[in-house]
Amino acid sequence: MIKSKLTVAVMATLALGYTSAYAQSAQTDASQQSTSQQSTDQAPDTANAKKLQAVTVTGSLIPQTQIETATPTVTITADQLKARGFATVAQALQQSSNAVGSVTGPEAVGTFTQGAQTLSLFGLSPGYVKYLIDGRPMGNFPALYNGSDVFNNLSSIPVEMVDHIDILPGGQSSLYGSDAIAGVINIVLKKKIDAPVLDVRYGWNSNGGGAARRGYLADSFNVGKFNLIAGVQFESTQPIWAYDRPLTAQADLDAVGGPIAERDYLATDPTLGIDSYKFADPNNCANTTAGFGGTTGYRYRANSGNYCGSYYGEQAYVTLANESKTANLYTHATFDVNDNLQLYSDLLYNYQEQKYQPGGAADWLTSSSGLTFYDPIRAQYTDLQRIFSPEEVGGYQNSMNKQIENAYMFSLGGKGTFGQSNWDYDLGFTHSNDKTDERDYVAFTNPINTFFTNRVLGPDLTSTLGPDPDGYGVPVFEPNYAAFYTPITPAEYHSFTGYATTLGKTWDNMLRGQVTNASLFTLPGGDAGLAVVLEGGNQGWGYVPDPGYFNGDIYNYTADQGAGHRSRYAATTELNFPLLQQLTVDVSGRQDGYEVSGHQVKHNTYTVSLEYRPFESLLLRGKYGTAFKVPTLADEYSGPSGYYSTVTDYYNCAKLGFTGPTLGQCPGVYSQASYFNSTSGNVNLKPITAKDWNYGVVWAPTSKLSVTVDYLHFDIRNEVGTVPPDTISQENSLCLQGILNPTTPSCINAINAITRNQFGTIEDIYTPNQNIARERVNAITANLNYQVDIGIYGSLSFSGSYSDELKHEEQPLAGDPFINYLDSPLYSTDFKTKANASVTWSLGEWTATLFANRDGRSPNYLATTLDNYSSPGTGYLAAWVTYNGSVQYNPTKNLTLSFLVNNLFNKMPPVDNSYPGYVFGPYNSANYSVYGRQLYLEATYKFGNRSAQ
C-alpha cells in the first residue's frame, strides 16, 4: 500500500513525532473507517483498498498515496509542541525557520494590536499568510495590525487541542483563495482521544513576572453511530513589566553619549532648536523628587537644556507580556448515517481577557492640547509637558488597558461516497465570529485641560495684554510654574481619566461543496484524480471606537474606524495525472469573485506542479503558479483615523548637524517630536497579485533519514500598505537634503506626506492605504530528519530546518528604483537567515529533548537611521541563539510528568547601544524577546485506555 522508500521514510519520521511532511489524517472519510471494519471473510475490495492508502494532505484536495508532493510542507506535531517547550501556538510558529520577518506583539509597547500575535513568512506581510483550522479559513481579528492590515490572531488557539500544524511556504491561492501569497498554515485539531485525559501545567519566569497556570480536560463518547470528542482548556498568565528586566528598567546607561533621563516636567520654546528647553521651576525640581520611586530630579540634556526627569521613568512601567485569562472549548462530533454518509460538526470557542499597560495614557502636553502659548513675563513661546509617575497615578497597574475577545468557529456538514463509486463528496457550512471589547484607559480633553488651566495656566490674557509679538496666533498666559512642577494626587489624576470602549467584530459565512475522485481513470503511473469545489458566502467587518476619539473628547488619542461587508464565491478544480511511474503532474485553477458596494472584483489563479521520482528514494519537484489577495474590507472602508505619537524629525536634526552617531545629541524638540499620524481607506485599491514558483528535492535513502531542499520565488505586485512614519521622516530628510533624488515618486510622496507647523516641526504625517507597486523575494529552505537506534541506550532522533532570504527587494512606487532590503536597513530589520534544530533521546519511560533556535544577524538602530552599513557606528547585531529543553518521565503507563525550560541559558537580546540614550530597552522588540528563562512543570494523566478494553 505504500509505494516508495521515500514515503516509508517520511511516515516513519512522523510516527516518531519529528518534523516532516505530515498526513492530514483528520480528513479521512468515515466510509474508509467503516470499510476497514468489514468481516474478514469478505472478498478484498480493490477500490476501498485504494481509499485506505490515500490520505488528504494540506496542499492538495485529492487524497494522495504519496505524502511528499510538489508543495514543500513542514509539520509540527503535538508531541513536538510539548517537547520543544512551546507554551503557545504563536510561539511555535514564530520560531519556525520560515518566520524571518519582524512583527510586533505584546512586547512592542503601544502598538495597535498589543493584545494579539502573528508572524511574517520570508519577511512578507503578516496578511499574506492564509490560516486554516482543519482546512477551513480562520476568522480575522477585528483590530488592524499597524492600524491598517487585516490579520489573524494566533494567541487564542488552544495548544493542548492541536494535533499538528502544517506550514506550506509559497503561493497557494489556486486551492485556498485570497491571502495565500506567502504560504498557508493549517492547524489541525485532535479528532481522536483514546481515553479521558487531564493535563495541568504551572510555569514561572526566573527573572520575575509571567507566572502561568493551565489546565486541560478532554474526553470522547460513543453511543451507537454517534461519536463526540470534547475538550476544555483554561489558562491564566501574569504580566511581565519592563522594570522586571534590567535591560528595560531604565534609560540605556551605555548608549553613545550616555543615558538621557525621561522628560517628566518639561518647558520648551518651540521656536528654538538648540537650547529649546526653558527650565522654569523656582524650586529646582525639589518638589518632584518623590516620583518614580524617588528617582526624579534636576537633569540636563546636551543641546537642549534643563528639566525634571528620571532615568527610571514611564517606559519602565509598561508591560512587556500581557496579563491574560483564557478559556477554550472544542468539540468534534460525527454521526454515521450509513456506509455512504457521515454527518459532522465542529466547534471551537475562545474567550480571552487581557490587560496591558502601554504607557502614555494621560500625559499632558500643551502642544497636543492646542495650547502652545506666549509667556510675556519670560518673553518666550512655551510648550509644557507632564508625564505622570506611578505615585501620582496610584500605581500603573490601576490604569491598564483591557481587551476582551469572544471568538468561535462552527462547522456543520456531511461527507461520504456516492454509492459504490469512487466519487466522494463533502458539503459543509462554516460560520466564524470574532468580537473584541477594548477598554483603553485615557484622559478626557475638557477635564484634563480645565484641571491644568486652573492649576497652572490661569486666565487667557490675550484680550488684555494683546496678541503674541511674532503673530503666530497663540494665546497669552502667565502660568504658575511652581504648581506645574508639583506632583498631583491620585484622586486628582482620576478626576480627568477613565475608560473609553471600542467594539470590533468580524464574521464570515461559507457554504462549501467538494466532489473528489482519486481513481478517475488509469494512466501508466497510476490513477488520475479530480477534485471540484464550489464556495459561496459573505463576510463583514466593523470597528466602532468611542465617539470621543473623533470629536475631541478623548485627549491626545484617536482611533481606527470603519465597517463594511461583501459577498463572495469561488470555484476550484484540481487534476492529478500520474503520467508515468516516475512522473506526476498536478494542475489546479480557481476563480474568486467578490461583490462590494455594487461593484465586482474577480480574479483567476492557477498552479502547475511536477513530481519526478527517478528512483524510489528520490523526489524532484517543481511548481509554478499565481496568487492574490483581495483588498480587505478594512483596506477599502477604514474611515479617516490616526494616532498621536513621537517621531525623530531627521530633517531638522540634520540641519543642525546631528546625524549618524551624533543623532542622540539632537535637541529633544526634534528627536522626540510630537505629531499626529493620519490614515484612511481607499476604495480604488486593486487586488494584490503574485507569481510564485519553487523547485526542490526530497531524498530518503532509508526509512530513518529524509532531507529536503527547496528554492522559492515570490513576485508580488500592487501591494496594499502604508509606509511607517519613521521611514517617511527619514526619507523626507534624505529627499529634502538631496541625498535621495527628490524627483522620484517616493521622494515626492515622502515630502508631501509631512505637514509642518508654523514653527517648522512635524505636525502631521499622512499614511493612506495605497497599492505600493512591487516586491520580490527569493529564499531557500532545507529540512533534515534522522533517527538512529543506539541499542541499550535507547534511540536518538534529530531534526533541523534552515531558511535563507537570498533576495528581498521592493519598488515602493511605480517608477522608483528597486530597494534592496538586504542592504537597506532603513526599510527592513528582518533576519536574513533563521535555523533551528532538535535532538531527542528516548529510553523506556524517559524522553529528553534539546531544541536550539538561531536568529541570524540584523541591522543595528544607527544603520536603520542612516540606511547604510558604512558610516561610523553602523553595523549588524550578532546572531541570537536560544535553547529550550524538556524531560518527560512516565512512572506509569497512564501518567506523564514533564519539566520544560524555554531559553535554557536565560539569553537576553543583543544589546544595541546605538539607540539614543533616552531609550529604555536598547533592542528591537519586533525581532527579540526580553522574557528570558521560562520554566514549566506539567503532569498528564490518562484515565484508562478504551482501545484496550
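**View 1. A disulfide joins Cys 285 to Cys 308, with an S to S distance of 1.9 Å.** The model is predicted: local features need pLDDT of at least 70, side-chain atom pairs count only at pLDDT 80 or more, and totals for chains, interfaces and linings use all residues. Residues are numbered from 1 along each chain as its sequence is written, and side-chain values use heavy atoms, with hydrogens and water left out. A disulfide here is a pair of cysteine sulfur atoms within 2.5 Å. The link of Cys 285 and Cys 308 is left-handed, with -90° about the S-S bond. Because Cys 285 sits in the loop between β10 (265-268) and α7 (291-294) and Cys 308 in strand β12 (residues 305-309), the pair ties together parts that are 23 residues apart in sequence. Helices (H or I, at least four residues) and strands (E, at least two) are DSSP runs, numbered from the N terminus. Cys 285 is buried at a relative accessible area of 2%, and Cys 308 is buried at 0%. Buried means under 20% relative accessible area, exposed over 50%, and partly exposed in between (1.4 Å probe, protein chains only).

**View 2. Cys 653 and Cys 666 form a disulfide with sulfur atoms 2.0 Å apart.** The torsion about the S-S bond is about -90°, so this disulfide is left-handed. Cys 653 belongs to helix α15 (residues 650-655) and Cys 666 to the loop between α15 and α16 (668-671), so the pair ties together parts that are 13 residues apart in sequence. Cys 653 and Cys 666 are both buried.

**View 3. Cys 735 is joined to Cys 747 by a disulfide, S to S 1.9 Å.** This link is left-handed, with -80° about the S-S bond. Cys 735 lies in helix α17 (residues 725-736) and Cys 747 in helix α18 (residues 745-752), so the pair ties together parts that are twelve residues apart in sequence. Both cysteines, Cys 735 and Cys 747, are buried. The count of disulfides comes to three. Their pattern is 1-2, 3-4, 5-6, with bonded cysteines counted along the chain.

**View 4. Five strands form an open sheet in the order β1-β4-β5-β2-β3, with mixed pairing.** The edge strands, β1 (74-77) and β3 (136-137), each pair on one side only. Two strands pair if DSSP finds at least two bridges between them. β1 and strand β4 (residues 162-169) pair in the antiparallel sense over four bridges. Ile 76 has Ile 165 in β4 as its bridge partner.
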